[in-house]
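Hi everyone, thanks for coming. Have a look at the structure on the screen, and I'll walk you through a few details.

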Amino acid sequence: TGEGFVLPGRPSGPPRDAAVLMPVVDRRPDAAILLTRRTETLSTHAGQIAFPGGKVDPADADPVACALREAEEEIGLPPSAVEVLGCLPPFLTGTGFRVFPVLARIEPGYRLALNPAEVADAFEVPLAFLMDAGNHRRGSRVFNGVERSFYEMPFGGHYIWGVTAGIIRILYERMYP
């Protein structure tokens, strides 16, 4: 679901901007993507697997600045440890957000300081697993009376789905057209 695609049941009005950091850990030869599991106490998306990120604030110069700020706030990843590689197309969510995915490289050996109010866990998933279409399944659920389909990519004990899996799928489609 890219820019301009309207999901059934999506709130009316212009989408609210958000950004996420997609940190690729430069492990050679087996790179990985760093993901988080949100705490169960959050009011939205509690317990879900996500990239570090959030709403674009007026003080953010652009979505890249937002993604870097949010990564530092949520997992303690300083912007100085991040090499921004570029941005993927915005992802329009069913909840009315336009999410700007910021692809970045980080060195192995990074140190995290998880914000316990927002992040319960951080873990790596091999990029090879995420870039294997055989691991991309389609699922669906009814939300607010509307059936929505999404990608899901279960990995170990983690259930990667929804916006996070959709953004990973966009990366896959860019790398393997």
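Gly162, Thr164, Ala165, Gly166, Ile167, Ile168, Arg169, Ile170, Leu171 and Tyr172 are the buried residues of α3. In this predicted model, that makes the helix mostly covered, with 10 of its 14 residues buried. Helix α3 covers residues 162-175 and reaches 20 Å from its first C-alpha to its last, close to the 20 Å expected at 1.5 Å a residue.

Now for the charges. Searching the whole structure turns up 12 salt bridges. One of them joins Arg98 and Asp17, with the closest N and O atoms 2.7 Å apart. That pair links distant parts of the chain, Arg98 sitting in strand β7 and Asp17 in strand β1, 81 residues apart. Arg98 is partly exposed at 23% relative accessible area, and Asp17 is partly exposed too, at 29%.

What about Arg69 and Glu70, buried or exposed? Both are buried, and their side chains meet in a salt bridge at 3.2 Å, N to O.

Then there's Arg137 with Glu152, a salt bridge at 3.6 Å. Here strand β9 holds Arg137 and strand β10 holds Glu152, 15 residues apart. Arg137 is partly exposed at 43%, whereas Glu152 is buried at 11%. There's also a network: Asp26, Arg28, Glu83, Arg105 and Glu107 are joined by salt bridges that share partners.

Happy to take questions!

Note on methods. Residues are numbered from 1 along each chain as its sequence is written. This is a predicted model: local features need pLDDT of at least 70, side-chain atom pairs count only at pLDDT 80 or more; totals for chains, interfaces and linings use all residues. Side-chain values use heavy atoms; hydrogens and water are left out. Helices (H or I, at least four residues) and strands (E, at least two) are DSSP runs, numbered from the N terminus. The expected span of a helix is 1.5 Å times one less than its number of residues. Buried means under 20% relative accessible area, exposed over 50%, partly exposed in between (1.4 Å probe, protein chains only). A salt bridge is a side-chain nitrogen of Lys or Arg within 4 Å of a carboxyl oxygen of Asp or Glu.
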